[in-house]
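Please check each one against the structure as you go.

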Amino acid sequence: MLWFKWTGILLIGAGLACIGFWLAYRLDRRLEEYRQLQKVLMMLSSRMRIGEPMELAMESCVMAGAGAWERWLRHMAERLSKREALSSVWREELDKAKSELHLEKEDYRMLETLGNSLQGARLENCLGLISQVQDYFHAQQRMLEQAISEQGRMYRSIGVLAAILVMVVLA
Amino acid sequence: MPDITRLFCLPVAEAIHQIMRNHGNTLQEIRLRAGKPLAVSVGGSNRFVSPKGELLTTPRGALRVDWDMILKSLEFMSRSSMYAFENEMRNGYITVEGGHRIGMVGRSICQNGQMTGINPIAGLNVRIAHEIRGCAEKLLPYLEEEGVLQHTLIVSPPGGGKTTILRDLIRLASDRLHLAVAVADERSEIGGCYRGIPQCELGMQTDVLDGCPKAEGMLMLLRTMNPQVIAADELGGRAELEAVVTVLHAGVKLLCTAHSNTLEELQRRPGFDQLLNNGIFERIVVLSGRQGPGTVEGIYRRGEEGRYVMV
């Protein structure tokens, strides 16, 4: 019976510690996704600037390494090559990618707006829009870096402390 | 050649699909105008089109095109990349995969007195590129002398079939005469290139420089590809005519086209007057659409003192 009790206590403790680490991991992942997204947007705009069609520009981003955004870009390029409309392809593939990404609602909204606006716009406008979105994600990245330096350690510490506390109380 | 229906939004694509099934190669142009019925040019006649793809002589019962349909079709035509066609749009048209030319009208955007684009676009005219293999077979013997291809200029009014004939001549020069042919395809109309690869059959020994201005392209091909024949569509600008002279003096044969109704009219055009009066081209083929595109009105050879005589 004692063995059963200690196993339960350890599991609860480990679970609480994991939650702390998981929250910290999500912040790290989101930061990485922000960084990769900015790289992708920069590559996309440079490919568009030389007159490359959208599907080829997206393929180029994939080949140059787009990290978490790779599947999203590859699927969009595939669908665009079948002459599907960018606005719908962008939105649908972004919806599918949400399960793999760790961004906030506002970030997705910003990306959706970009997808809708790129269609039919002149090059100058397209590049301007991408630049605005890049600025937004750059600001998000800065804020997140700040948050991670404060909250990341806090989540881990709280997780471990909570685990110890629960173990002590239950023991 | 890629399926033309992929260029249009669904209601228009369905109607065009039906026309393609019933009238195939005779479909020449498709016109989309915002708020107006869908119209086509089939075998030289203008007709309206019903949603089921029936050809009508009156607009009653025809498929109404709205602005959304035009925008959606543009999205498909440009593969969602209108920005990539900005330079071409300054001329009022773009050329898409397969070599189809899409003319546009609407409100033009001007900067410093020059048109830089059109927005909003209120009407489209899709000129369908035709690839008719073998259409220049009968012409080829007239363009050779002792087995050597001659400098040839194909002349016709718009829609006369000169690009289709040129495309087949390129294929024949490459595959039949075993010549290394280089094509300066400024607007992708000859090869219908996609990702730099020609979608139309231009022969096994043909190199295509896609999207480069003709004058620059011809000289570049001359320097880099060591061709025996250089082909270009729709000569007109002074720089292009100067490039033609350079190519001629480099010992490379030329296959070119130009807009004009008759040889006499072309001889009066600035730039061409000098070129033709000096007998630069050894053969001139005049086409018209009198009995359908590609009707040969006359083949001229350079005679004595550079004058052209009908063969």
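1. In this predicted model, helix 1 (residues 10–23) of chain B lies across strand 1 (27–33), strand 3, strand 4 and strand 5 of chain B, and its direction runs at about 160° to strand 1 of chain B. Helix 2 (residues 67–77) of chain B also packs on the sheet, where it touches strand 1, strand 7, strand 8 (100–111) and strand 9 (114–127) of chain B, and the direction of helix 2 makes about 95° with that of strand 9 of chain B.

2. The sheet itself is open and has 7 strands in the order 5-4-3-1-9-8-7 (chain B), with antiparallel pairing. Strand 5 (55–56) and strand 7 (93–96) of chain B stand at the edges, and because each has a single partner strand, one side of each is left without a neighbour in the sheet. Within this arrangement, strand 3 (residues 39–42) of chain B pairs with strand 4 (residues 45–49) of chain B over 4 bridges in the antiparallel sense, and B:V42 has B:S45, in strand 4 of chain B, as its bridge partner.

3. B:H178 is found in the loop between helix 4 (162–175) and strand 13 (181–185) of chain B, and with a relative accessible area of 56%, over the 50% cut-off, B:H178 counts as exposed. B:E234, by contrast, is found in strand 15 (residues 229–235) of chain B and is buried, with a relative accessible area of 12%.

4. Which residues does B:H178 contact, leaving aside its neighbours within four places in sequence? They are B:A173, B:Q205 and B:Q228. As for B:P198, it stands 20 residues from B:H178 in sequence and 19 Å away in space, C-alpha to C-alpha.

5. In chain A, helix 4 (residues 86–97) and helix 5 (residues 105–118) pack at an angle of about 160° with their axes 8 Å apart; as angles over 145 degrees count as roughly antiparallel, these two helices of chain A are therefore roughly antiparallel to each other. Their crossing is right-handed, and the contact between them has 7 nonpolar, 3 polar and 3 charged residues. Among the residues that meet are A:W90 and A:R91 in helix 4 of chain A, and A:Y108 and A:E112 in helix 5 of chain A.

Notes:
Residues are numbered from 1 along each chain as its sequence is written. Chains are lettered from A and ligands numbered from 1 in the order in which they are written. This is a predicted model: local features need pLDDT of at least 70, side-chain atom pairs count only at pLDDT 80 or more; totals for chains, interfaces and linings use all residues. Side-chain values use heavy atoms; hydrogens and water are left out. Axes are lines fitted to C-alpha atoms, for helices over the stretch in contact, and angles run from 0 to 180 degrees between N-to-C directions. Angles under 35 degrees count as roughly parallel, over 145 as roughly antiparallel, 65 to 115 as roughly perpendicular and the rest as oblique. A crossing is left-handed if the near helix is turned anticlockwise from the far one by less than a right angle, and right-handed if clockwise. Contact means heavy atoms within 4.5 Å. Ala, Val, Leu, Ile, Met, Phe, Trp, Tyr, Cys and Pro count as nonpolar, Asp, Glu, Lys and Arg as charged, and the others, Gly among them, as polar. Two strands pair if DSSP finds at least two bridges between them. Buried means under 20% relative accessible area, exposed over 50%, partly exposed in between (1.4 Å probe, protein chains only).
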